Amino acid sequence: MAVLRGRDDERAELQQLVRAARDGRSGVLVVLGEAGVGKTALLDDVVSGASDLRVVRVAAVESEMELPFAALHQLCGPLLDRLDRLPAPQRDALATVFGLAAGPPPTPFLVGLAVLTLLSEVAAARPLACVVDDAQWLDGASAQALAFVARRLGAESVLMLFAAREPMPMLSGLPELVLRGLPDHSARELLASVVRWPLDERVRAAVLAEARGNPLALLELPLAPDDMAGGYRLPLAGRIETSFLRRLDGLSERTRLLMLVAAADPVGDSALLWRAAGRLGLGRELADEAEAAGLLRIGVRVVFRHPLVRSAIYRAATAADRRRAHRALAEATSARSDPDRHAWHRAYATADPDESVAAELEAAAGRAQSFGGSAAAAAFLERAAELTPDPAARADRQLAAAWAKSQAGANDAARLLLARAGTGPPDALRGARIAALRGQLTVLSDDKAEGPALQVETARKFEHLDARQSRAAYLDAFAGSFYVGRFAGSVGVREVAAAARQAPPASAPPTTADLLLDGLALLLTDGYAVGVFPVRRALVAFLEDEPPLGDALRFFFVVCEAAQNVWDDHLLFRLTARYLQLAREAGALTVLPIALHLRISVLLHNGEIAGAATLVEELDAISRAAGYGVTSYAAATVAAWRGDEATAVPLVAEFAGTLAARGEGLGLSRLQHANAMMLNGLGRHREALEAAELATFAPRVTDAANRGLVELVEAAVHCGEREIALRALERLTRTAEPSGTPWALGACAYTRALIFEDEDQYREAIERLGESRGVVALGRAHLAYGEWLRRKDRRADALPHVRKAHEIFTSTGAEAFADRTRRELTAAGERIARPAPAQAVELTDQERQIARRARDGQSNPEIGAELFLSTRTVEWHLRKVFAKLGISSRRELRDALTDIR
């Protein structure tokens with residue numbers, strides 16, 4: 001093909017991907033380049049040369065960007081005969097978003113996983129190529145699902161090709177091929193193939209310079225000899241559009257109107273086109289004239305020669321003609337079977353405010369929201385607001401659009417809509433809702449400091465308007481203040497608690513959220529002696545009473561923080577397990593990382609360091625699947641608990657700066673606590689003291705939530721800083737003793753034993769911590785007691801405690817403390833050899849993740865669902881694991897993986 005002159009290298013790269021798909025390996029490529037540079041021609045070439053592959057293809061259209069899953073539906077529509085092969089949750093998710101069945105709104109990740117599984121099932125019979133042209137115009141829901149799939153492909157024999165004019169954030173990190181203009185000799189050859197009359201070399205040079213090697217420009221711009229003398233002042237895409245429009249000059253007005261109707265509807269359904277044309281009195285005889293112009297073809301589907309043809313025709317039409325076309329399309333589109341497109345065409349057909357159209361758009365927004373289309377819902381609502389005649393209703397719709405924008409992650413757009421909503425007629429309830437969103441956006445921004453203050457302000461605004469929303473807003477303020485922590489401005493957690501004491505009274509009977517709010521407010525104002533029991537009652541209620549899913553996901557973060565505040569690690573273990581279960585089942589992308597962080601913290605406390613590492617891998621898988629990159633500090637905390645100094649030190653330094661810059665005080669405190677603990681384990685107590693002081697310098701954080709105080713006491717004692725240790729002990733006992741749990745009382749006894757060298761306190765610490773879930777803390781109590789006994793020349797008494805500590809640390813993987821116990825055993829007269837490192841087994845990170853889960857009894861579909869992989873990719877990785885480990889079955893994994901954490 002002439003347009004592929006000079007593309008040998010690019011063709012070879014694509015053909016290599018085709019060969020890989022034939023061999024059972026998936027591939028992804030994003031082809032980037034300006035309009036007309038040959039992206040579509042290159043994709044056509046690879047498809048024509050891969051007749052043994054099944055091909056599904058979609059060309060995204062600018063006017064469909066706000067219709068959720070529009071492109072995905074077109075791409076997957078031919079494959080839905082395989083829908084019944086999917087696991088039930090995935091099958092139901094796709095059936096819901098494609099309008100085949102009613103159901104609860106599926107999450108974006110569940111939709112993405114369902115598409116991944118569907119493509120894998122189709123490719124099992126025949127390698128599959130999925131081609132997405134003009135990806136820059138994908139609707140948000142389709143883009144998110146397809147980007148998810150592209151990042152999780154493995155052994156499915158699926159080739160995914162995207163073509164876009166410019167880099168897309170959603171596709172960042174995927175392999176790219178930047179298609180530039182043709183080299184000079186190829187451009188000259190192409191120009192000569194279309195300009196067959198004598199051409200002055202200066203004109204030729206000017207044309208080549210203007211086209212910059214763009215093949216479509218070279219093919220379309222030189223239409224006649226007299227065109228060569230003209231200037232090329234428009235942008236390239238505009239010049240190409242202009243060249244296409246020249247072909248319309250000789251067409252009748254009625255034919256041009258027919259082409260406008262075709263351009264105004266992106267579906268490409270010729271039956272719909274002719275229904276709309278009939279309403280305008282346009283007959284089928286006009287098709288011949290339109291096709292003769294070489295700009296489109298009308299068959300079963302309407303196909304434009306190039307996307308720029310569609311945009312050129314649409315933009316060249318008058319506003320009145322565009323409205324005529326959309327009005328005809330609205331009348332030809334069923335309001336029953338395709339209500340969203342019907343509403344969208346009506347909106348484009350309307351110039352003046354019209355409540356009936358606005359109401360229809362609002363209904364479309366509700367449908368979009370019901371299957372996760374927040375971006376689409378926002379677009380519908382924004383247009384509905386523009387068409388709303390009543391100022392108050394307009395402000396309400398702008399506010400609703402702002403909420404939808406925030407849910408879609410478009411926070412800047414949400415702020416703009418929020419400002420517009422604020423200019424509406426005064427309304428107290430709307431004002432409170434505006435304040436609620438403003439507070440939420442502030443907590444999510446880089447400048448989080450005043451977020452809790454705004455959330456308290458919101459709660460107060462609701463007090464006389466809606467008691468339930470007021471109380472919920474106070475819990476949101478607790479969440480914001482816990483999360484921001486030390487970086488809170490005028491309002492921290494204690495100020496939130498004081499304000500919450502003035503909240504409207506709870507309903508009768510009180511909900512679990514009511515119990516939690518009243519308990520926390522009492523605990524953090526009147527003190528632990530009176531507040532511990534009400535908080536613990538609320539925590540139990542959250543486990544036993546099964547609050548509505550929305551409330552559970554909204555408030556479980558505060559619930560878990562409350563459990564830590566009252567030192568109840570048994571309840572905390574159960575609560576974080578339930579939170580993670582709900583977040584996974586709901587596929588709640590914004591909640592799942594929070595639940596995973598909390599669970600990782602609990603597993604580390606429990607001594608399940610390998611289990612925590614597995615959850616870190618899940619966190620990273622979520623980040624990669626969503627295209628975020630690795631943003632979690634959890635890997636640093638796990639490395640610190642292991643005592644892996646080489647890994648932990650650079651990670652701690654990196655994420656300490658990142659968390660401080662983002663204003664995430666809670667994460668920073670946990671990271672600094674883990675760092676102080678590692679340094680104490682390594683015996684570097686002066687450095688541990690500095691790290692612990694950083695961890696506990698948190699005027700806006702409750703002392704009970706700050707386990708760094710234990711590290712501060714231990715480091716201070718070893719450094720001879722008795723006054724620092726005593727002040728830390730006083731802070732610790734202020735909350736721990738009234739809480740009265742084994743964890744709390746064990747921590748108090750342990751720190752007293754270190755300060756006062758009291759044998760009874762050592763024994764109490766071991767007894768209390770033995771009743772808690774703090775396995776590593778128990779090991780440290782045994783070690784500290786053993787060290788103290790040896791210093792008292794009671795070596796025989798010391799050995800059992802140091803041996804017990806050694807057993808705990810080696811079994812949990814706390815290597816820094818394990819090394820300390822080995823040194824202590826040597827000092828006590830018992831030689832313990834450091835275990836020889838196991839022979840390295842070269843498993844990749846993903847292979848380790850899959851192997852661990854298979855060892856623990858998870859099925860391949862379960863592993864795939866958790867790691868966002870297809871079942872076939874899981875099977876493929878397991879075969880590689882078996883080969884590397886020299887085993888032949890899953891039963892052998894447990895022994896083979898004993899040295900792999």
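Which residues in α11 meet which residues in α12?

Modeller: The model is predicted, so local features need pLDDT of at least 70 and side-chain atom pairs count only at pLDDT 80 or more, while totals for chains, interfaces and linings use all residues. Residues are numbered from 1 along each chain as its sequence is written, and side-chain values use heavy atoms, with hydrogens and water left out.

L258, V261 and A262 in α11 meet L273, W274, A276 and A277 in α12 (contact means heavy atoms within 4.5 Å). By class, this contact has seven nonpolar, no polar and no charged residues (Ala, Val, Leu, Ile, Met, Phe, Trp, Tyr, Cys and Pro count as nonpolar; Asp, Glu, Lys and Arg as charged; the others, Gly among them, as polar). Helix α11 covers residues 253–264 and helix α12 residues 270–279 (helices are DSSP runs of H or I with at least four residues, strands are runs of E with at least two, and both are numbered from the N terminus).

Two packed helices are described by the angle between their axes and the distance between the axes. The axes of α11 and α12 cross at roughly 135 degrees and come within 10 Å (axes are lines fitted to C-alpha atoms, for helices over the stretch in contact, and angles run from 0 to 180 degrees between N-to-C directions). That makes α11 oblique to α12 (under 35 degrees is roughly parallel, over 145 roughly antiparallel, 65 to 115 roughly perpendicular, and the rest oblique). Their crossing is right-handed (the near helix is turned clockwise from the far one; left-handed means anticlockwise by less than a right angle).

A second pair involves helix α1 (residues 8–22) and helix α2 (residues 39–48), which pack at about 45 degrees with axes 10 Å apart. These helices are therefore oblique to each other as well, and α1 passes α2 in a right-handed crossing. E10, R11, L14, Q15 and V18 in α1 touch L42, D45 and V46 in α2. By class, there are four nonpolar, one polar and three charged residues in this contact.

Helix α1 also lies across β1, β4 and β5, running at about 150 degrees to β4. Helix α6 (residues 140–152) packs on the sheet too, touching β1, β3 (128–133) and β4, and its direction makes about 130 degrees with that of β4.

The sheet itself is open and has five strands in the order β2-β3-β4-β1-β5, with parallel pairing (two strands pair if DSSP finds at least two bridges between them). β2 (54–59) and β5 (176–178) stand at the edges with a single partner strand each, so one side of each is left without a neighbour in the sheet. The twist averages 15 degrees from one strand to the next.

Strand β4 (residues 158–164) pairs with β1 (residues 27–32) in the parallel sense over six bridges. The bridge partner of L29 is L161, and that of V30 is F162. On the β3 side, five bridges join β3 to β4, with L128 opposite V158.

Seven of the seven residues of β4 are buried, so this strand is largely enclosed by the rest of the structure (buried means under 20% relative accessible area, exposed over 50%, partly exposed in between, with a 1.4 Å probe and protein chains only). In a regular strand the side chains alternate between the two faces of the sheet. In β4, V158, M160, F162 and A164 are on one side, and L159, L161 and A163 are on the other.
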